2 protein chains.
Amino acid sequence: MKSESLEQTYRRYLRALNERTFDDLEEFVHDELTYNGQGLTRDAYVAQRREEARQIPDLHYAVDLLLVGGDHVACRIAFDCSPKGEFLGIDVDGRRVSFVEHVFYRFRDGRIEDVWSVIDTDEIREQLSGDQA
Amino acid sequence: MKSESLEQTYRRYLRALNERTFDDLEEFVHDELTYNGQGLTRDAYVAQRREEARQIPDLHYAVDLLLVGGDHVACRIAFDCSPKGEFLGIDVDGRRVSFVEHVFYRFRDGRIEDVWSVIDTDEIREQLSGDQA
């Protein structure tokens, strides 16, 4: 029951990102959080999400796999989008790329407090190098 | 109950990798599996694990986060090791590096049939570039 509820919360969080309703993120993210071990404020985190959406107008979070256990969520998210300019240190320059994010979250009282994310940047580089269709 | 059992199975799988008891992997992996969408035989998969252990004598899988849901397992695995030569396309050359793998598995009848893995190779590159302690 609790797991179902956390899954629903998490899916609403992704929907807020996809619908660019960034003012709603306060509902899903604590005032302070950690991202890959580094502390930051929700304001800074939300600013990053806004900037990402500006740089990637067609950014869309598509859930591929989703697991919930206790206060943790694990998600494999698929992206198929065209980042402008440099993205994650890679000169994507508007080309369309497909990649995944494997991300874990720890929730407290129904809001995200810790995020651990790995993005398949090597896949992006491979696609842009033309090694792969 | 079922989830507990799958967690135990998975932890025994990692123990087999850590203890280099590769002949036991038949218990944990189907004859054929997919790895990031690519099909391969268990024999080929086990041969890769043997080769990895040869290249990285101090390879050790340390569970940082572990979630089980239905037939799926998600794990954040931490590594702190010294790969010889080139590793994941990076010239590590015996230097010690710390990185993580975020990996999802689908089990069928208690054995792995699909693996989706992302490794934080950018973190390895950063450490080797001296940008980070």
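**A walk through the model**

Guide: Leaving out residues up to four places away in sequence, A:Phe79 touches A:Leu59, A:His60, A:Tyr61, A:Val97, A:Ser98, A:Phe99 and A:Glu101. Touching, or contact, means heavy atoms within 4.5 Å. This is a predicted model, in which local features need pLDDT of at least 70, side-chain atom pairs count only at pLDDT 80 or more, and totals for chains, interfaces and linings use all residues. Residues are numbered from 1 along each chain as its sequence is written, chains are lettered from A and ligands numbered from 1 in the order in which they are written, and side-chain values use heavy atoms, with hydrogens and water left out.

Visitor: Which strand does A:Phe79 lie in?
Guide: A:Phe79 belongs to strand β4 (residues 72-81) of chain A. Helices (H or I, at least four residues) and strands (E, at least two) are DSSP runs, numbered from the N terminus.

Visitor: And is A:Phe79 buried or exposed?
Guide: A:Phe79 counts as buried, because its relative accessibility is 6%. Buried means under 20% relative accessible area, exposed over 50%, and partly exposed in between (1.4 Å probe, protein chains only).

Visitor: What separates the C-alpha atoms of A:Phe79 and A:Glu101?
Guide: A distance of 7.9 Å, although the two residues are 22 residues apart along the chain.

Visitor: Changing topic: what rotation superposes chain A on chain B?
Guide: A rotation of 180° does so, with 0.0 Å of shift along its axis and an RMSD of 0.0 Å. The two copies are therefore related as by a two-fold rotation axis. The superposition is by least squares on the C-alpha atoms of residues with pLDDT of at least 70 in both.

Visitor: Which residue of chain A comes closest to that axis?
Guide: A:His102, whose C-alpha is at 3.0 Å.

Visitor: How do the α3 helices cross?
Guide: The axes of helix α3 (residues 121-129) of chain A and helix α3 (residues 121-129) of chain B come within 8 Å and cross at roughly 90°. The contact is made by A:Thr121, A:Asp122 and A:Arg125 together with B:Thr121, B:Asp122 and B:Arg125.

Visitor: Which residues of α3(B) are buried?
Guide: B:Thr121, B:Glu123, B:Ile124, B:Gln127 and B:Leu128. They lie on the same side of α3(B), because they cover an arc of only 155° around the axis. That arc is taken from the directions from the helix axis to the C-beta atoms.

Visitor: What follows α3(B)?
Guide: B:Gly130 does, and its phi is positive, near 80°.

Conventions:
Axes fitted to C-alpha atoms, helices over the stretch in contact; angles between N-to-C directions.
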